[in-house]
Every structure is written in structure tokens, then in C-alpha cells.
Amino acid sequence: MKLNGFLLLTEDNKRARLFYESLFNLKMIKDYDGNMLLEGGIYLQERKYWEKFINNKIITNNNASELHFIEDNIEDFVSKLERLYPNIKYVNKLFTHEWGQKVVRFYDLDGNLIEVGTSF
């Protein structure tokens with residue numbers, strides 16, 4: 001068995017695609033009309049389709065999972081984030097863990113939690 005990817009819910013796939021392309025340089029591989037595949041195995045699916053599939057409402061900003069990215073030029077990344085998305089909602093701004101790793105946590109435009117940290 002092989003993990004194929006993971007799914008993030010969006011209100012608007014085009015807006016989400018721009019977010020992930022502009023910040024993480026993840027290009028679109030395929031657009032399935034409401035379900036879009038980005039590099040790295042990230043599937044973007046519009047909320048209206050997912051709620052129909054599971055017959056339930058979605059709870060955003062639930063902190064139950066996060067995307068984790070490694071970026072050793074983290075100060076440059078945070079500057080880029082603040083320049084492109086000045087109203088981004090932070091969980092915690094850039095800080096250093098006691099073991100020396102620098103991390104920043106924030107929500108994407110649809111409430112999906114993201115962590116960007118330096119290598120361990």
C-alpha cells in the first residue's frame with residue numbers, strides 16, 4: 001500500500017491554489033472540477049462537495065491536524081507570508097523551541113493549520 005496524498009477543504013479551489021503556489025511553490029498537477037491535485041500529494045476539495053459526500057458539516061480551525069513544511073530560511077518565509085497575506089491568522093508567530101527549532105504556525109485562508117519550521 002502507498003499513501004497517495006491528503007485532502008484539504010477549501011471554499012474556493014482557485015483562491016487556495018494561489019495561496020499554496022505563492023507561498024510554497026506547489027504547482028497544480030490536475031484540476032478535477034472541485035477537486036484539485038497539487039504537487040506533494042495535496043488535494044484541494046471545495047467544501048460543498050465534501051459536505052455532500054460525508055453528509056455532515058465541516059468544522060474549520062479545529063486544530064486536529066496540520067500540514068508541516070521544512071524551511072531553513074524561515075525568516076525570509078515569514079517576511080514573504082506577511083507581505084503576501086498581511087491578515088493571516090496566526091496560532092503562534094515565529095518562535096524557537098527549547099530544542100532549537102524555529103517554527104511559525106498559522107491557518108491558511110480556509111482554516112487549515114500549517115506549521116513551517118526549520119530542520120531538526
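Helices (H or I, at least four residues) and strands (E, at least two) are, in this talk, DSSP runs numbered from the N terminus. With that convention, Gln-45 is found in strand β4.

Good morning, colleagues. The structure above is a predicted model, in which local features need pLDDT of at least 70 and side-chain atom pairs count only at pLDDT 80 or more, while totals for chains, interfaces and linings use all residues. Residues are numbered from 1 along each chain as its sequence is written, and side-chain values use heavy atoms, with hydrogens and water left out.

Let me stay with Gln-45. Is this residue buried or exposed? Buried means under 20% relative accessible area, exposed over 50%, and partly exposed in between (1.4 Å probe, protein chains only). Gln-45 counts as buried because its relative accessibility is 6%. Contact means heavy atoms within 4.5 Å. Leaving aside neighbours within four places in sequence, Gln-45 is in contact with Leu-7, Leu-8, Leu-9, Thr-10, Asn-13, Gly-34, Asn-35, Trp-50 and Phe-53. As for Asn-13, the C-alpha atoms of Gln-45 and Asn-13 are 6.8 Å apart in space, although the two are 32 residues apart in sequence.

I turn to the interior. A nonpolar core is a set of buried Ala, Val, Leu, Ile, Met, Phe, Trp, Tyr and Cys residues joined through side-chain atoms within 4.5 Å. The largest such core has 24 residues, of which Phe-19, Tyr-20, Phe-24, Phe-77, Phe-106, Ile-114 and Val-116 touch the most other members. At least two residues each come from α1 (13–24), β3 (35–38), β4 (42–46), β5 (66–70), α3 (74–84), β7 (102–107) and β8 (113–117). Which element gives the most to this core? That is α1, with five residues. Val-116, for its part, touches Phe-24, Phe-69, Glu-71, Ile-74, Phe-77, Lys-102, Val-103, Val-104 and Phe-106, not counting residues up to four places away in sequence.

Next, the aromatic rings. Rings of Phe, Tyr and Trp (its six-membered ring) pair if their centres lie within 6.5 Å; planes under 30 degrees apart count as stacked, over 60 as edge-to-face and the rest as tilted. The structure holds six aromatic pairs. One of them joins Phe-19 and Tyr-20 edge-to-face, at 5.1 Å centre to centre and 80° between the planes. Phe-19 is buried, with a relative accessible area of 1%, and Tyr-20 is buried at 1% relative accessibility. Phe-24 and Phe-69 are stacked, at 4.0 Å centre to centre with 15° between the planes. Phe-24 lies in helix α1 and Phe-69 in strand β5, so this pair ties together parts that are 45 residues apart in sequence. Both Phe-24 and Phe-69 are buried. Ring pairs link Phe-19, Tyr-20, Phe-24, Phe-69, Phe-77, Tyr-85 and Phe-106 into a cluster.

Finally, two loop residues. Asp-33, in the loop between β2 (28–31) and β3, has a positive phi of about 60° although it is not a glycine. Asp-33 counts as exposed because its relative accessibility is 65%. Asn-61, in the loop between α2 and β5, likewise is a residue other than glycine with a positive phi, near 55°. At 27% relative accessibility, Asn-61 counts as partly exposed.

Thank you for your attention.
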